[in-house]
Every structure is written in C-alpha cells, then in structure tokens.
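User: I am new to protein models and would like to learn how to read one, feature by feature. Could we go through this one together?

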Amino acid sequence: MWVTVLSGLEHGRAAEAGADVVTIGSGAGCTIQLSDADVAPLHASVRCGPDDGCELVPLDLHAQLTLDGEPVTATVPLRAGQRIGVGDAVLELRDAAPADPDPAIEPALAAALGSDGAHADDDLTPVRERRRLRRATAIALAALALAAVAGVLALTGVLGGGDEPDVAAIVEDTAAGTVRVIARASAQEGSGSGWVLDAKRGLVVTNFHVLNGAEEVAVAVDGAERTAEVVGAAPCDDLALLRLEETDGLRALELAPSGSVRQGEPVVAVGFAAGAGDADELTSTTGVVSVPSQPLEAPSPDAPDFRDVVQTDAAINPGNSGGPLVDDDRRLVGVNTAVLLERGGVPLQNIGYAIGVDRVRAVVGELRERRSAGWIGTGFEFPDPRALRRRGLPAGVATLGAVEGTPAAEAGLAGRSVLITSVDGRRMDGSLRTWCEATEDKRSGDDVVLGVAARGGKREQVRLRMA
C-alpha cells in the first residue's frame, strides 16, 4: 500500500507502507513530512502487515486526525481508497505506486497558495492574526512536541528489586513539588509539567520546549493558576527556569547527590500527562533506571544534543515534559523530556529519557543567576529546508514569539517571525543543533550578528544581545 499526499505543498509525495512504518508529521524525521503549522511533529503513522492489513495509528493525543472525515483517537483499520486528514492536509491509501513518489512542487500550486502557504510567515513580515492562531496551535502543543517527535506512549514499567517501594507514598510526597506549566499564545494554550527548585523564592524548572514560543506563562498549583516570570532559558539543554510571586503551598524537591543514580534502581515519573483525565490531575508511572548516564544525539531538528540523560523504562507521556523523575528517597534524578519511537525502522517501546540531575544542577545554577545560555528571548521553529528552497529562501531557524523584556522583544521581534540563516557568519541548516553549535561560546550579554532572510531571498543583518 502507498500513502499519497493529495493537498498542500507536498501534493503528490508518497511512501510505501510495507516492511517499514510510514510516519506522518511536520518533524524532519518523518517518512512524509508536511509543511503545515497544524501538523504535529509526529502526527500519525500507517503500518501494514503481510497478512493482517493496514492500520492508522494516532501519535499525538491533541492533534487533529480523521479518517474519511471521522475523528480518529485510537488505532483503526485502513483500506485502499480511504482518506486521512492530518491537520489541513489530506492523504489517501492507494494500491498502486505513483510514477514519482517525491515530485517537485507544482508552480501553479505554489502561486495559488501565495502568502498563505505553509510557513508563509517564516520571514520578516508581520504575522497576521489568522496565521497567528494556527501558529499558536503549534505552540500550544510544544509541551508535547519533543516527546511526540521522539516517541509515542509506552507501557508503564514495573518496579524491580527485593522490597518494592511504596509508590503511592512517593507520589504523595512529591506532589507538592510538582506543578503544571501552561504556555499561552494568542487564544491557544498548551501545557507540560515542572518541579519546584526553591519554594521560598518560587523557582520552578521545566523543559524549554514546554515554553517554546509562548507569549504568557502560568503555573498551576493545586489546580489554581499563578502568573510566572521566565528567569532564564537554555534551549540547548532544553531547560528553563520560572519564578512565581505566590509561593504558598510549594515544596522544593531534593536533588539526588552527584553520581548517585544506579542502573536498575526503581524510579517514578510524575507529571500532568495529556489525555490522562482532568488536566490538573497528577499522574505517575513507574520503572527502573535502564542507563544511569549517557549522551543522546538530537532525535529531531527541534531537539538539541543532550550531554547527559538518564534512560528509563518508566512511561514518559506527552504532557510529562519538564516533570520530575524521582527515586524511592523522593530525590530528583532527572527531568522527564523525551521517549524514543523507533531506531533504524524498528519500533521501540519503554525507552524514555530524562535530563540527568548532574546536568540539571549545573545549568539551573546559571539560570537562577539570570544567566541564560543560547537564548535571545524567542522560541524557535524549524521549517523544512526543502519547502524554504521552493520559496527562494535558504535553510534557517525561524524565531517564534518574544518574551517581554528580552533582547528579542526589545528588537521588535514580538509578533514577527524572522528566519535566521547565520549566527556570526556560521550558517544554519534548519536545526536546533546548528544554533547551539553557533552560540555555545556565547555568554549572557554577548552581542551576536544574525543573518536573516526575507521572502524572495533578501538578506539582512541584525545585531542582538544574548539574553
């Protein structure tokens, strides 16, 4: 069977669903990558067995997915001729292979789409309200994006060892130190998790991708929202630090000692998983430490190279991003960040990653002094380089929103999206990794010269300070 795109800039593109699973989404690792702000990084997949037919599998709980116009929320069987709705795109399952599974964009289609086409505002023009709403939908799911790109829901791990810890007691003791983080842009919102670093000062840690592109940030404590200030961010470590004025009811989590995480020890992942019931319902999953410390190369263009992660089989679900992974002494051993879906075409289960406590301690120590790392005050978006080339634009990293009071906001980037093509002369390839490589020696307050590109390929230079 072949999955064929029937609409949008990718019209005519196709992939065979046979021995390999066909993944569909806006992430660069997808088999069929769609340039549509309404498409999640990993939106859905189509898998076909030799004897048992084909199935459509939703991979993002909050992303729009339909089959012949009917909403899809669980795995459903597929047959030839049925149409799959992914965001605004339409795909069809066909028996016959297309003449060209990767055609060039049709000139007439590109002209018809005009400035309303996919990624139309990834340049220096003001973002119009309709596109802002669509963009905000993508922002709202940012808390789910990395987990969705890297993987899907995994089965809950089982605690091992002799005397099993009292998981209920661990969760109860950790609850006051775990919060829900809400990111808003325009009329849309999304959420992830966070944990209390310093209850007296109201400091909360979460993943950077939870906040990516948000205009406003809030933290829910016992279901009640409190306004949060972004103290600092480190996108290249996927960490951010928030501060709350109201500190009542907060309790800081203890950090595990350096080098204390052991392979096989039981752990509990705590957070506010999407689709698990009430949005303010704290959830938990259990497992063990599979690997205490390891580097992890960027699993997608919107993820950095992680220097130190804990691998666990505790299920890390969308919405858990930024929440704590704790041991049976209620100490934080990592920040839940991503799960791995597949490697080399082989589906994987129960492989989750949390940023290791030693790395968290080092990065957060800088952030609490208002020394951000690799950040100018904006979120980031990662347009498909192929779609940019078709519009006469070079590869680059697009800015997304601007936090009030940051250099990016002072430079007028709020409400605009700038395509950054170089940093101090170093060219971008459209991934967060190249941004991180270009800014790794920059410190808070340092000047950088950004090369930016507008529609039609016009180049400009903008000088900014690192936040």
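Analyst: Let us start with the words helix and strand, which stand for DSSP runs of at least four and at least two residues respectively, numbered from the N terminus. Please keep in mind that this is a predicted model. In this protein the secondary structure comes to 9 helices and 32 strands, and Asp248, for example, lies in the loop between β17 and β18 (254-255).

User: Is Asp248 buried or exposed?

Analyst: The general idea is a cut-off on relative accessible area, where buried means under 20% and exposed means over 50%. Asp248 has a relative accessible area of 62%, and therefore it is exposed. Leaving out residues up to four places away in sequence, Asp248 touches Val221 and Arg226.

User: Which residues of helix α4 are buried, and what covers them?

Analyst: In α4, which spans residues 167-175, the buried residues are Ala169, Ile170, Val171 and Thr174. What covers these buried residues includes β12 (178-185), β19 (266-271), β20 (283-296) and β22. At the start of α4, a side-chain oxygen of Asp166 comes to within 3.2 Å of the backbone nitrogen of Ala168.

User: How many residues does the largest nonpolar core have, and which of them have the most contacts inside it?

Analyst: For background, 57% of the 467 residues of the protein count as buried. The largest nonpolar core has 43 residues, and Leu242, Trp435 and Leu450 are those with the most contacts inside it. Elements that give two or more residues to this core include β12, β16 (224-234), β17 (239-244), α9 (432-439) and β31 (447-453), and the largest share, 4 residues, comes from α9. To look at one member, Leu450 touches residues including Ile376, Ile420, Trp435 and Val462, when those up to four places away in sequence are not counted. Apart from this core lies another, of 34 residues, among them Leu203, Leu241, Val333 and Tyr353.

User: What is the volume of the largest cavity, and which residues are closest to its centre?

Analyst: A cavity is a space where a probe fits but cannot get out. The structure holds 1 cavity of 30 Å³ or more, and the largest cavity has a volume of about 80 Å³. Of the 16 residues that line it, Phe208, Leu211, Gly213, Trp375 and Val403 are the closest to its centre. Both α5 and β16 supply at least two residues each to this lining, and by class the lining has 10 nonpolar, 6 polar and no charged residues.

Key. Residues are numbered from 1 along each chain as its sequence is written. This is a predicted model: local features need pLDDT of at least 70, side-chain atom pairs count only at pLDDT 80 or more; totals for chains, interfaces and linings use all residues. Side-chain values use heavy atoms; hydrogens and water are left out. Buried means under 20% relative accessible area, exposed over 50%, partly exposed in between (1.4 Å probe, protein chains only). Contact means heavy atoms within 4.5 Å. A polar contact is a pair of N or O atoms within 3.5 Å; within protein, one must be able to donate a hydrogen and the other to accept it, and residues adjacent in sequence count only if both atoms are side-chain atoms. A nonpolar core is a set of buried Ala, Val, Leu, Ile, Met, Phe, Trp, Tyr and Cys residues joined through side-chain atoms within 4.5 Å. On a 1 Å grid over the protein atoms alone, a cavity is a set of points where a 1.4 Å probe fits but cannot get out, and a pocket is an open set with protein on both sides within 12 Å along at least five of seven lines; lining residues have an atom within 4 Å of a point. Grid points are joined across faces, edges and corners, and a volume is the space filled by probe spheres set on the points. Ala, Val, Leu, Ile, Met, Phe, Trp, Tyr, Cys and Pro count as nonpolar, Asp, Glu, Lys and Arg as charged, and the others, Gly among them, as polar.
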